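I opened the file to see how the chains are built and how they meet. These are my notes, in the order I looked things up.

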Amino acid sequence: MIEFIPVIIILAFLFETMDSCAGMGFGTGLTPLLLIMGYDPLQVVPILLISEAITGFTSGFFHNEFENVKFKLKKPYNKETKIMFTIAISGCIAIIFSVFLTYFAIKIDKNIIKTYVAVLVLIMGIIAVIRLKSRSNTYKPKLLLSFSGLAGFNKGIGAGGYGPVVMLGQIFSGIYEKTATAIVSLSEGIVSVVGVASFLLLPLITNQVLEIDFILLPSVFTGGFIAALVSPYLVRIFPNKMWQVVIPSYAIGIGIYLLAKLYIL
Amino acid sequence: MENKDYKNNFISNEIGYLAKILDTEMTISERMKIKKSSVKKIFGALIVYFSIIAIFSIIL
């Protein structure tokens, strides 16, 4: 018998709504919160990846349906689809690299790298707010590639913050906020599929028994799925000017939250 | 250099073209209206949701 936990459904709904509207926060925000609530990493990390794999595709599909973006999955791909694949590929390489680090048990001081990502997200959020009035809309492909690489590197070394860096990176590269959100949603779905596969393959490589507890899955999936239907519609109806303020402000909030979690909570 | 800037400006307009059109040419209340085919797809997604939950209840 599967169990639904109302508070988890509400939390998953709120964080996935913000993730699908602002392109960030589901993993970065919900993971530490669930760990603080007493759940074990093996009850949280694979469950969020499975849920994000399904909701990422759902959200991407409905962003396309509500015309926040136009993906073209047949050749010749359009620019939006190529950007989505670029971001997804950097994330997939990063996920595989992070599994490799886990496999060879390479130790990196987690506090230092998590502080670095929190400060990076905070600074990027502040810059995005400052440049609101003076922003240029010219597409900068090299800058986008650099930010995708940087986000992938951060995820690869286990520091997280992939969504905020890649989302703000797109905005700095001249991509329209509504479209950037849609691109991140679908690429996160693809990255999460590779993440789930890595989690399942890890025990085979290391000859270990990995006991994943699925207790949170129905609740996280339910909240996340409803949000993946609602958010693309919200992105469609509210004007881009609002998202120009909401996205960097939310990034600043995430940066402060990550720093608070490291040094205060 | 100027040509490159022109090209990148052109691409910028191409990326998110539909979203920009919706923002500039429609009011919020107009954007709230969605196509019948989209409503059908939402119902389709709900069927997918219930199917996945049914699979969870079998395998978990």
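Predicted model: local features only at pLDDT ≥ 70, side-chain atom pairs only at ≥ 80, totals over all residues.

**Entry: chain B**

I listed the elements of chain B. I found four helices and zero strands. From the N terminus on, they run α-α-α-α. Of its 60 residues, 8% count as buried.

I then checked the length of α4(B). Its 24 residues should span 34 Å at 1.5 Å a residue, and the end C-alpha atoms are 35 Å apart, which agrees.

**Entry: confidence**

How far does the predictor trust chain B? The average pLDDT of chain B is 87, and 80% of the residues score at least 70. Within chain B, confidence is lowest in α1(B), with a mean of 67. It is highest in α4(B), at 95. For the complex, the predictor gives an ipTM of 0.88 and a pTM of 0.91.

**Entry: the contact between the chains**

I looked up who takes part. Chain B brings 26 residues to the contact, and chain A brings 29 residues. On the chain B side, the elements that give two or more residues are α1 (2-14), α2 (17-25), α3 (28-32) and α4 (36-59) of chain B. Which of them gives the most? It is α4(B), with nine residues. I sorted the chain B side by class and got 14 nonpolar, six polar and six charged residues.

**Entry: chain A overall**

I turned to chain A. It has 10 helices and zero strands. Along the sequence the pattern is α-α-α-α-α-α-α-α-α-α. The radius of gyration of chain A is 17 Å, close to the 18 Å that the globule rule gives for 265 residues, so chain A is as compact as a globular protein of that length. I also took the box along the principal axes: the C-alpha atoms of chain A fill roughly 50 × 40 × 40 Å.

Of the 265 residues of chain A, 51% count as buried. Among its contacts with a separation of 6 or more, 83% come from residues 24 or more positions apart.

**Entry: α2(A)**

I went into helix α2 (residues 26-36) of chain A. Its buried residues are Phe26(A), Gly27(A), Thr28(A), Gly29(A), Leu30(A) and Leu34(A). What covers them? The cover includes α1 (6-22), α3 (41-65), α7 (162-172) and α10 (240-263) of chain A. Just after α2(A), I noted Gly38(A), which takes a positive phi of about 105 degrees.

Glu67(A) sits in the loop between α3 and α4 of chain A. Its phi is near 65 degrees, a positive value in a residue other than glycine. Is Glu67(A) buried or exposed? It is buried, because 22 other C-beta atoms lie within 10 Å.

Pro76(A) is found in the loop between α3 and α4 (79-103) of chain A. A cis peptide bond joins it to Lys75(A), and omega is about -5 degrees.

I checked α9 (residues 217-237) of chain A for length. Its 21 residues should span 30 Å at 1.5 Å a residue, and the end C-alpha atoms are 30 Å apart, which agrees. I found a kink of about 30 degrees at Ala228(A), shortly before the proline Pro232(A). α9(A) is mostly covered, with 17 of its 21 residues buried.

Glu211(A) lies in the loop between α8 (177-206) and α9 of chain A. It counts as exposed, because it has 9 C-beta neighbours inside 10 Å. I took one distance from here. Glu211(A) and Gln43(A) are 168 residues apart in sequence, and their C-alpha atoms are 9.1 Å apart in space.

Definitions and conventions:
Residues numbered from 1 in each chain as written. Chains lettered and ligands numbered in written order. Contact = placed C-beta atoms within 7 Å. Nonpolar A, V, L, I, M, F, W, Y, C, P; charged D, E, K, R; others polar. Rg over C-alpha atoms; globule rule 2.2 N^0.38 Å. Buried ≥ 20, exposed ≤ 12 C-beta atoms within 10 Å, placed from the backbone. Expected span 1.5 Å × (residues − 1). Bend = angle between axes of the 7 residues up to and from the residue. pLDDT = per-residue confidence, 0-100.
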